[in-house]
Amino acid sequence: MSRPPSPRSAAPAAAHGSRARVLDRAATRRRGLTRLVAGGAFIILVLIVGLLAKIGPVAGLSLRIERHIAAQDRSTALTGLARAASTTATPQTVGIALLIAVPVILLLMRRRLDGLKAFCILAGAFTLAEVAKKLVDEHRPPVALRAMAADGGASYPSGHVTIAAALAVALVVVAVTLAGRRAALLLGGLFAVAVAISRVYLADHFPLDVIGSMFCALAAGSIVTGLAALPGLAPHLRRLDAAYHD
């Protein structure tokens with residue numbers, strides 16, 4: 001007949017468990033802080049790329065690329081595809097719809113924490129893009145080069161690409177399996193790249209505009225996941241989903 005563990009043997013086991021929890025909290029804190037630092041770095045990159053876009057030689061190269069596309073690379077079929085791809089990420093319609101629909105779908109799936117993350121990533125990326133537009137205030141490509149009427153406002157960064165890239169990042173973040181994350185990364189990445197190419201092809205944006213948009217999405221994703229990983233916030237955030245199981 002087995003005997004219960006003596007107090008002497010139970011004490012080291014409890015101490016080991018306590019040390020494991022401390023180490024786990026420390027690792028989680030480092031992970032969260034690393035993501036926050038990465039998010040800050042992406043914000044800085046957004047501003048740096050925006051400033052580069054206004055430098056004479058860089059702006060001249062961007063303009064030559066747009067002129068080459070308008071003169072050499074356009075066809076009726078490609079222009080139609082580019083317009084379709086661009087329309088799928090219109091900020092004023094699709095962007096607002098995604099901002100509402102994605103969190104609501106996750107909420108209905110009883111994944112309130114993931115819904116909050118998705119909302120913050122989409123809203124954060126779009127907000128950062130709008131702030132960058134005001135700070136950089138870059139002009140759009142000349143009207144003569146455009147294949148469709150351009151949106152209003154500054155050129156840098158692209159609102160369309162910001163929405164597409166933020167959706168891709170949000171899907172990767174809320175995916176629950178490795179296979180799901182890979183699928184979200186592949187499909188979401190292809191969608192974001194397709195929208196980015198369409199905006200440059202249609203001469204509604206310069207190449208650096210779409211690169212800056214990608215950084216906006218990565219910044220939002222890094223900051224949101226970084227905050228969610230901090231030990232001080234994580235327990236409170238987990239209660240959002242725990243309430244469904246009480």
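1. Where is Pro157 found? In this predicted model, Pro157 sits in the loop between H5 and H6, and the peptide bond that leads from Tyr156 to Pro157 is cis, with omega near -10 degrees. Another loop, between helix H4 (91-108) and H5, holds Arg110, whose phi is near 60 degrees, a positive value in a residue other than glycine. As background to both points, most residues other than glycine have a negative phi, and most peptide bonds are trans.

2. On confidence, the chain has a mean pLDDT of 88, with 87% of its residues at 70 or more. Confidence is highest in H6, at a mean of 97, and lowest in H9, at 69.

3. H6 packs with helix H7 (residues 178-201) at an angle of about 175 degrees, and the two axes are 8 Å apart. Angles over 145 degrees count as roughly antiparallel, and H6 and H7 are therefore roughly antiparallel to each other. On the H6 side the contact includes His160, Val161, Ala164 and Leu167, while on the H7 side the residues include Arg181, Gly188, Gly189, Phe191 and Arg199. By type, the residues of this contact divide into 13 nonpolar, 3 polar and 2 charged.

4. The largest pocket holds about 290 Å³ of space. It is lined by 15 residues, of which Arg35, Lys117, Thr225, Ala228 and Ala229 are the closest to its centre. Helix H1 (7-53), helix H5 (112-136), helix H6 (159-174), helix H8 (207-229) and helix H9 (234-242) are the elements that give two or more residues to this lining, and H9 is also the element where confidence is lowest. The lining of the largest pocket divides into 8 nonpolar, 2 polar and 5 charged residues.

Notes:
Residues are numbered from 1 along each chain as its sequence is written. This is a predicted model: local features need pLDDT of at least 70, side-chain atom pairs count only at pLDDT 80 or more; totals for chains, interfaces and linings use all residues. Side-chain values use heavy atoms; hydrogens and water are left out. On a 1 Å grid over the protein atoms alone, a cavity is a set of points where a 1.4 Å probe fits but cannot get out, and a pocket is an open set with protein on both sides within 12 Å along at least five of seven lines; lining residues have an atom within 4 Å of a point. Grid points are joined across faces, edges and corners, and a volume is the space filled by probe spheres set on the points. Helices (H or I, at least four residues) and strands (E, at least two) are DSSP runs, numbered from the N terminus. Ala, Val, Leu, Ile, Met, Phe, Trp, Tyr, Cys and Pro count as nonpolar, Asp, Glu, Lys and Arg as charged, and the others, Gly among them, as polar. pLDDT is the predictor's confidence in each residue, from 0 to 100. Axes are lines fitted to C-alpha atoms, for helices over the stretch in contact, and angles run from 0 to 180 degrees between N-to-C directions. Angles under 35 degrees count as roughly parallel, over 145 as roughly antiparallel, 65 to 115 as roughly perpendicular and the rest as oblique. Contact means heavy atoms within 4.5 Å.
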